[in-house]
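Hello,

Here is the structure I promised to pass on. Please have a look at it before reading my notes.

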Amino acid sequence: MAAPGALLVMGVSGSGKSTVGALLASKLGWKFYDADDYHPEENRMKMGKGIPLKDQDRIPWLCNLHDILLRDIASGQHVVLACSALKKAYRDVLIRGKQCAPLQCDETGKDKQPAEV
């Protein structure tokens, strides 16, 4: 059985997902990403002030993480990602990209509501 291209280590804040993910990646010889390192500055400022992030804050961040994972997997690199991704919709974006996002990411990184059908 072939190894998956990526493993997602999930959990709530403070559950040890970064520690477990880094150890797992080291043991497997895979690249490790901590999703928190990829938040835009605006998200970091909100979190620093104790303001909870909303979907419209998270979706562009998750789209960026998807693109990073896709790039590495396409180049043959296996990766471990530590990310809360507690909502199924967030995991869908990580796996399938922006077409699965409840809010769509445009090229400027801004969010827009999906078109009505």
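My notes on confidence, the sheet and a helix pair follow.

This is a predicted model, in which local features need pLDDT of at least 70, side-chain atom pairs count only at pLDDT 80 or more, and totals for chains, interfaces and linings use all residues. Residues are numbered from 1 along each chain as its sequence is written, and side-chain values use heavy atoms, with hydrogens and water left out.

Confidence comes first. pLDDT is the predictor's confidence in each residue, from 0 to 100. The chain averages 85, and 81% of the residues score at least 70. Residues 106-117 stay under 50. Where pLDDT is low, the predicted coordinates should not be read in detail.

Next, the sheet. Helices (H or I, at least four residues) and strands (E, at least two) are DSSP runs, numbered from the N terminus. Two strands pair if DSSP finds at least two bridges between them. Three strands make an open, parallel sheet, ordered S1-S3-S2. S1 (6-9) and S2 (31-34) are the edge strands, each with a single partner strand, so one side of each has no neighbour in the sheet. S1 pairs with S3 (residues 79-82) over four bridges. Leu-7 has Val-80 in S3 as its bridge partner.

Now the helices. H3 (residues 55-74) packs with H4 (residues 88-96) at about 30°, their axes 7 Å apart. Axes are lines fitted to C-alpha atoms, for helices over the stretch in contact (heavy atoms within 4.5 Å), and angles run from 0 to 180 degrees between N-to-C directions. H3 and H4 are therefore roughly parallel (angles under 35 degrees). Among the residues that meet are Leu-62 and Leu-69 in H3, and Tyr-90 and Leu-94 in H4.

Best wishes

How values were computed. Parallel < 35°, antiparallel > 145°, perpendicular 65-115°, else oblique.
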